[in-house]
Amino acid sequence: MDVSPDVWGQLALEASQVYLTDGTAAKSPFAGTTIEKLPDKVLLHIFSYLTHKEICRMARVCKRWRLIAYDTRLWKNVSLRPEISGLHVGSLESLLALISIRFGPSLRYIELPIELITHTVLHELANKCPNLTHMLLDFSTAMQLHDFSELQAFPTKLRYLCICLSEVIFMEGFMRKIYNFINGLEILHLIGTYEKVEEEEEEIYEVINVHKLKSATPNLRVINLYGINFVDDSHIDAFSSNCIQLECLAVNFCNKVTGSTLKTLFQRSRRLKCLLMNGTNLQSEYLMQVEWEKCALQELDITATDLNTESLQDMLTRLPGLRFLSAGQLNGLNDSVLKTWMEAGNPRNLVALDLDSSDNLTEEAIYKFLCKHGHQLWGLGLSGMTHITDSLWQTVLPILTNAKILVMGTQERLGINILVDQLMDSIARNCLNLERIELRWDPDNLRFSDKSQKAIDTLRVKCLKLRCLCLSDGRYYEVVKANFERADRMTVVRTLTNCRVSNYYLLSNYKDLIFN
């Protein structure tokens with residue numbers, strides 16, 4: 001809905017009223033001030049908080065607002081993928097006009113869908129947007145590529161490049177054209193089609209030549225290969241042979257990775273401090289060959305792998321400075337692993353721990369570990385375990401005084417009830433630095449009273465840094481959401497259907513790893 005300047009002016013006038021003790025209105029020094037009298041630079045700053053869709057609507061209010069809405073400083077980061085909250089551009093001609101008139105030298109980041117990735121568009125971006133440093137190219141829905149035989153120019157200052165791969169389109173024809181322009185890349189994302197793969201895959205195509213790509217990108221610091229069904233250990237070996245600056249490597253859900261080249265990786269990449277291997281096919285024997293005591297690794301994700309107890313004990317006792325560990329869904333992770341780590345390892349630097357669905361860990365072992373190291377944790381995940389209930393959390397929350405992220409509960413129906421009012425009150429009293437929390441318990445297991453508003457108020461008032469509170473959809477979710485919305489904190493309370501909390505926010509390269 002369009003908003004006229006008269007409406008804005010009336011709202012500003014009402015907001016400027018000052019009332020005396022007898023209830024009569026007194027003249028305010030701002031009386032008569034309307035939004036029309038605000039300087040352009042103030043309006044520009046206000047517009048900077050809006051999405052591009054909202055800015056386009058504001059441009060229809062009046063000529064002045066249209067000029068401000070088209071200011072190139074509002075168009076530094078642009079997504080043209082409407083299915084992911086971006087703008088819809090109807091034609092290539094419209095996009096070319098936007099590049100020349102609205103984007104220009106101010107453009108820093110752009111996302112392009114397959115239909116807008118042409119040699120003409122890339123030429124214009126190279127010529128008209130000299131400060132473009134971040135680009136996402138979405139080929140994921142492609143069944144046929146445009147003709148790039150005439151591609152002679154490509155943005156040369158790129159530091160971040162994300163390519164969403166197609167299942168069936170070979171990218172080498174396009175990649176061959178851009179190799180000479182991307183040697184300054186520091187962050188590379190190759191996003192596969194993991195979520196689309198069927199159980200019986202007929203044939204796997206290597207749609208992009210990683211071995212050639214690594215030769216063109218010697219300055220990479222962060223590499224994220226996500227859910228690519230053809231990536232294996234040879235591709236990790238290829239990057240490690242050429243990228244001596246490598247700090248972070250993520251191969252989550254690349255199920256052909258076994259870890260056979262990890263020893264070589266750490267020998268070559270001395271700066272590597274973050275390794276994320278969630279959902280890979282890691283083999284215990286390969287992990288035990290790595291010289292963990294000589295590496296600089298600080299952050300490790302081995303969730304949903306099939307590592308045995310011996311390899312976990314060996315690795316954790318030899319890693320000198322681990323600060324982030326995500327080790328959920330591991331059958332080999334049991335009480336003896338935690339005990340050995342505490343006695344013979346060095347968990348003193350640990351700030352983030354995720355033990356999701358670790359059913360072979362007892363409540364007693366977790367309690368002993370948290371008694372010794374809970375005070376240093378910024379993030380803790382103890383979700384997916386039916387034997388870990390609010391009773392353990394009530395016991396350890398006084399220890400978790402530095403916690404910023406907490407994930408608790410299981411969506412499986414329990415035979416006991418969770419006293420959520422007491423839990424909320426304890427969180428509010430002990431975790432004043434809390435930023436994100438997720439309670440996964442089934443709504444039918446949550447027990448709260450008519451006085452639950454008091455516990456929610458306490459949480460809201462004391463945990464002022466809280467920006468995300470995730471709950472299962474149900475009656476308690478509605479109660480908490482209404483409480484926060486009455487206090488104008490509209491975006492804090494979210495449902496598990498649309499949001500999940502993770503310790504990944506605590507990764508040192510988290511902002512570089514974000515894609516989509």
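Guide: Let's start with the labels: helices (H or I, at least four residues) and strands (E, at least two) are DSSP runs, numbered from the N terminus. The model is predicted, so local features need pLDDT of at least 70 and side-chain atom pairs count only at pLDDT 80 or more, while totals for chains, interfaces and linings use all residues. Residues are numbered from 1 along each chain as its sequence is written, and side-chain values use heavy atoms, leaving out hydrogens and water.

Visitor: Thanks! Where does phenylalanine 253 lie?

Guide: Look in the loop between β9 (248-250) and α10 (262-268). Phenylalanine 253 is not a glycine, yet its phi is positive, about 65°. Alanine 304 also has a positive phi, near 55°, and is a residue other than glycine. Find alanine 304 in the loop between β11 (299-301) and α12 (309-318).

Visitor: Is alanine 304 buried, exposed or something in between, and which value decides that?

Guide: Buried means under 20% relative accessible area, exposed over 50%, and partly exposed in between, using a 1.4 Å probe and protein chains only. Alanine 304 has 30% relative accessibility, so it counts as partly exposed.

Visitor: Next, how many disulfides does the structure hold?

Guide: A disulfide is a covalent bond between the sulfur atoms of two cysteines. The search looks for a pair of cysteine sulfur atoms within 2.5 Å, and the structure holds zero disulfides. Cysteine 56, for instance, has its nearest cysteine sulfur 15 Å away, in cysteine 62. Cysteine 56 is partly exposed at 27% relative accessible area. For cysteine 243, the nearest cysteine sulfur is that of cysteine 248, 13 Å away. Cysteine 243 is buried, with a relative accessible area of 0%.

Visitor: How do I read helix packing, and at what angle do α5 and α6 pack?

Guide: Two packed helices are described by the angle between their axes and the distance between the axes. Axes are lines fitted to C-alpha atoms, for helices over the stretch in contact, and angles run from 0 to 180 degrees between N-to-C directions. Here α5 (residues 92-103) and α6 (residues 119-128) pack at about 5°, with axes 10 Å apart. Angles under 35 degrees count as roughly parallel, over 145 as roughly antiparallel, 65 to 115 as roughly perpendicular and the rest as oblique, and α5 and α6 are therefore roughly parallel to each other.

Visitor: Which residues make the contact?

Guide: Contact means heavy atoms within 4.5 Å. On α5, the residues are Leu92, Leu95, Leu96, Ile99 and Ser100, and they meet Thr120, Val121, Glu124, Leu125 and Lys128 of α6. In α6, Val121, Leu122, His123, Glu124 and Leu125 are buried. Their cover includes α5, β4 (109-113), β5 and α7.

Visitor: And how many aromatic pairs are found?

Guide: A pair of aromatic rings is described by the distance of the centres and the angle of the planes. Rings of Phe, Tyr and Trp (its six-membered ring) pair if their centres lie within 6.5 Å; planes under 30 degrees apart count as stacked, over 60 as edge-to-face and the rest as tilted. The whole structure has 14 aromatic pairs. Phenylalanine 154 and phenylalanine 181 form a tilted one, 6.4 Å centre to centre with 50° between the planes. These two residues are 27 residues apart, and phenylalanine 154 is buried at 1% relative accessibility. Tryptophan 341 and phenylalanine 369 are stacked, with 5.4 Å between centres and 25° between planes.
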